[in-house]
Amino acid sequence: MAGYARLYIAKKHADRAVTWARRAVRKRSKRAPYHVLYGDALALKGKTGEARAAYRRALAIDPENRTARARLAAGGARAAK
């Protein structure tokens, strides 16, 4: 699921990326990297507020997650670039 989400993010297919990232988060909700991935997919889709919430959830699970911290510091729009 996460692999498909990464693939669709790379191909800039936001809807499919969100779908697969959401599935990954639902399957393994305690894995911070999946929440970051979901945030990246949401950012690609232009849903910055929801993306930031996903990054914050990743930090709630793993306060040391550098990727989530970096995404929040960058404004949550890194994946959309």
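Start with alanine 68. Beyond residues up to four places away in sequence, alanine 68 touches Val36, Tyr55, Ala58 and Leu59; contact means heavy atoms within 4.5 Å. This is a predicted model, where local features need pLDDT of at least 70 and side-chain atom pairs pLDDT 80 or more, while totals for chains, interfaces and linings use all residues. Numbering runs from 1 along each chain as its sequence is written, and side-chain values use heavy atoms, with hydrogens and water left out.

Next, select helix H4 (residues 48-61) and helix H5 (residues 66-73), which pack at an angle of about 145° with their axes 9 Å apart. Helices are DSSP runs (H or I, at least four residues), numbered from the N terminus. Axes are lines fitted to C-alpha atoms over the stretch in contact, and angles run from 0 to 180 degrees between N-to-C directions. H4 passes H5 in a left-handed crossing: the near helix is turned anticlockwise from the far one by less than a right angle.

Now show the side chains between them. Arg52, Tyr55, Arg56, Ala58 and Leu59 in H4 meet Ala68, Arg69, Arg71 and Leu72 in H5. By class, this contact has 5 nonpolar, no polar and 4 charged residues. Here Ala, Val, Leu, Ile, Met, Phe, Trp, Tyr, Cys and Pro count as nonpolar, Asp, Glu, Lys and Arg as charged, and the others, Gly among them, as polar.

Which residues touch the most other members of the largest nonpolar core? Select Ile9, Ala21, Leu37, Tyr38, Ala41, Tyr55 and Ala68, out of 26 residues in that core. Such a core is a set of buried Ala, Val, Leu, Ile, Met, Phe, Trp, Tyr and Cys residues joined through side-chain atoms within 4.5 Å. Buried means under 20% relative accessible area (1.4 Å probe, protein chains only). Helix H1 (2-10), helix H2 (14-27), helix H3 (32-44), H4 and H5 each supply at least two residues. H3 gives the largest share, 9 residues.

Move to H1. Ala2, Ala5, Tyr8 and Ile9 are buried there. Look down the axis of H1: its buried residues fall within an arc of 125°, so they line one face of the helix. The arc is that of the directions from the helix axis to the C-beta atoms. These buried residues pack against H2 and H3.

Finish at alanine 17, in helix H2. Alanine 17 is buried, with a relative accessible area of 0%. Leaving out residues up to four places away in sequence, alanine 17 touches Ala5, Tyr8, Ile9 and Ala41.

How values were computed
Buried means under 20% relative accessible area, exposed over 50%, partly exposed in between (1.4 Å probe, protein chains only).
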